Amino acid sequence: MAAQSRREKLNALNKKRMDEQHSPKKNTTIVDEMLDNYTKASDSAKKAETTKEKSTKTKPSEAKKIQKHQEIIEKTVEEIVAKPIEEVSVVVPETESIPEIKAVEVNETNPIPEIKVPEIEKPVTDTLINKPEIEAAPTPDRDILKLLAEQYGLINVMDKSRVGRPKREGYYHKISLNLKAENLMYAKSVGGKYGGVTGYINYLIEQDMKKNK
Amino acid sequence: MGKVLGIVNQKGGVGKTTSTIELAAAFVAQKKKVLVIDLDQQGNLSKYVNADLSKPTIFDVLQAESATIDAIQKCGTFDVIASSKELSKADRTFTEYQDLFLLEDVIKPIKDNYHFILIDNGPSRSTLLTMAYVASDGIVIPTEADDGSIDGIWEVHNDLVTYRDGAHPVSHAKIELLLLNKYENTVMHQNAKEALQDISSEISDNPLVETIRKSIIASESKSFRQSIQEYSPKNNAAEDYRSVAKKLVRRMK
């Protein structure tokens with residue numbers, strides 16, 4: 001039965017390898033993997049931050065400030081409404097004709113329009129740009145540059161001035177990467193800070209270089 | 001679905017390896033995708049195409065220690081699965097009846113990836129040769145003008161008939177081509193060609209009979225690790241191989 005098991009073993013091995021080859025993972029590039037790693041890392045960091053915000057013990061002082069600020073605004077609005085409205089005069093150069101601003105009479109037929117309290121937007125802290133957690137991404141346990149070089153035959157090109165960025169070291173001057181759609185979207189959204197998708201990939205590679213040193 | 005061609009003659013030195021490389025190169029010239037399997041334990045074909053012998057070989061795949069696609073390597077214009085010296089152990093290793101189908105199993109998953117899969121065989125009657133008969137769709141028999149080589153054709157034919165038309169048929173291969181190598185315009189070669197034509201008419205498969213003109217370039221190109229068609233495309237032998245490949249493509253459609 002040893003022979004049959006050899007045939008079975010070979011067929012199973014071939015089937016396994018063919019399945020691996022035809023699985024969508026085949027289409028992912030090293031940069032895709034790299035982006036996946038970083039996306040996962042940033043997601044986990046984001047989750048950690050939101051749970052921190054939710055906890056009552058460590059409520060950020062910023063929220064308190066906003067609340068206080070809102071109270072002050074409401075108070076001043078009330079004061080303004082209570083005061084009688086005076087005529088407003090504006091000093092303007094003679095050449096310019098500015099329509100006169102008339103004083104508004106307050107009576108029962110013409111009530112004061114409600115002044116809307118301006119909504120105070122929470123300061124943008126956790127957009128994809130300015131993400132400090134990108135720095136805290138895990139270091140892949142391999143030489144990404146070497147793998148990229150093997151996969152795409154990359155050339156080490158120093159001069160990047162022609163694409164309008166300062167001269168710095170780069171390894172991906174002439175490659176075209178087929179990124180997964182989700183990773184491309186992510187890189188596009190994050191990449192603004194780094195000079196687009198290429199800039200972002202540059203940044204990731206630089207990070208890897210630093211970490212692998 | 002790709003066609004599997006076994007290059008077979010039990011006599012040595014008739015140009016099996018050269019014919020395999022040149023036919024592969026000629027198929028590639030016709031924009032066909034080609035895989036060559038070196039089933040000869042001498043491994044000359046692997047050497048000529050500069051195959052990486054550190055990669056899994058055909059022996060590893062037959063032993064089910066490696067998958068077929070992991071053993072395939074790109075050598076020049078076509079793909080190759082390299083030979084191994086361990087193939088000399090094949091007769092002792094593959095002793096079961098089911099082992100005869102191993103090469104067929106090796107080829108099955110990648111058959112659709114190629115137009116032609118060529119199997120270069122060693123000059124002996126062995127388990128590996130039987131595996132080649134089982135796995136092949138067609139047989140190419142290279143020969144020279146001497147009687148010994150021509151007798152080899154009948155031996156191949158008789159073996160194939162046993163495997164194909166016997167009580168327990170395991171092969172479906174047909175003899176597609178009788179290839180007279182190192183052909184010169186001499187009486188001996190003309191007689192040999194006539195003999196091949198007679199054989200062809202006697203064999204039920206009615207194979208093509210083609211000649212490849214003699215050329216010094218053939219051995220010169222090998223030392224440069226190139227096929228004749230790469231080394232000297234306008235050479236007579238290169239032209240003959242291209243013409244034979246065209247006829248084979250038409251025949252095996």
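Guide: The axes are lines fitted to C-alpha atoms, for helices over the stretch in contact, and the angles run from 0 to 180 degrees between N-to-C directions. Helices (H or I, at least four residues) and strands (E, at least two) are DSSP runs numbered from the N terminus. The model is a predicted one, in which local features need pLDDT of at least 70 and side-chain atom pairs count only at pLDDT 80 or more, while totals for chains, interfaces and linings use all residues. Residues are numbered from 1 along each chain as its sequence is written, and chains are lettered from A and ligands numbered from 1 in the order in which they are written.

Visitor: At what angle do the axes of H1(B) and helix H12 of chain B cross?

Guide: Two packed helices are described by the angle between their axes and the distance between the axes. Here H1(B) and H12(B) (residues 236–251) cross at roughly 70°, with axes that come within 8 Å, and the two helices are therefore roughly perpendicular to each other. The crossing is right-handed, a term used if the near helix is turned clockwise from the far one by less than a right angle, anticlockwise being left-handed. On the side of H1(B) the contact (C-beta atoms, placed from the backbone, within 7 Å) is made by B:Glu22, B:Leu23, B:Ala26, B:Phe27 and B:Ala29, and on the side of H12(B) by B:Tyr241, B:Arg242 and B:Ala245. By class these residues comprise 6 nonpolar, no polar and 2 charged, where Ala, Val, Leu, Ile, Met, Phe, Trp, Tyr, Cys and Pro count as nonpolar, Asp, Glu, Lys and Arg as charged, and the others, Gly among them, as polar.

Visitor: How are H7(B) and H8(B) set to each other?

Guide: Helix H7 (residues 127–135) of chain B packs against H8(B) at an angle of about 60°, the axes lying 10 Å apart, and these helices are therefore oblique to each other. Their crossing is right-handed. B:Thr130, B:Tyr133 and B:Val134 in H7(B) meet B:Asp159, B:Leu160 and B:Tyr163 in H8(B), a contact whose residues divide into 4 nonpolar, 1 polar and 1 charged.

Visitor: In what order do the 8 strands of the sheet in chain B stand?

Guide: Strands of a sheet pair through backbone hydrogen bonds, either parallel or antiparallel. In chain B the order is S3-S4-S2-S5-S1-S6-S7-S8, an open sheet with mixed pairing. Strand S3 (72–75) and strand S8 (208–213) of chain B each have a single partner strand, so one side of each is left without a neighbour in the sheet. From one strand to the next the twist averages 25°. Strands S1 (residues 3–7) and S5 (residues 116–121) of chain B pair in the parallel sense over 5 bridges, and B:Gly6 stands opposite B:Ile119 in S5(B). Helix H1 (residues 16–29) of chain B packs on this sheet, and its direction makes about 170° with that of S5(B). Helix H8 (residues 147–165) of chain B also packs on the sheet, touching S6 and S7 of chain B.

Visitor: What mean pLDDT does chain B have?

Guide: The predictor's confidence in each residue, pLDDT, runs from 0 to 100. Chain B has a mean of 92, with 100% of its residues at 70 or more, whereas chain A averages 62, with 39% of the residues scoring at least 70.

Notes
Pairing = 2+ DSSP bridges. Contact = placed C-beta atoms within 7 Å. Parallel < 35°, antiparallel > 145°, perpendicular 65-115°, else oblique.
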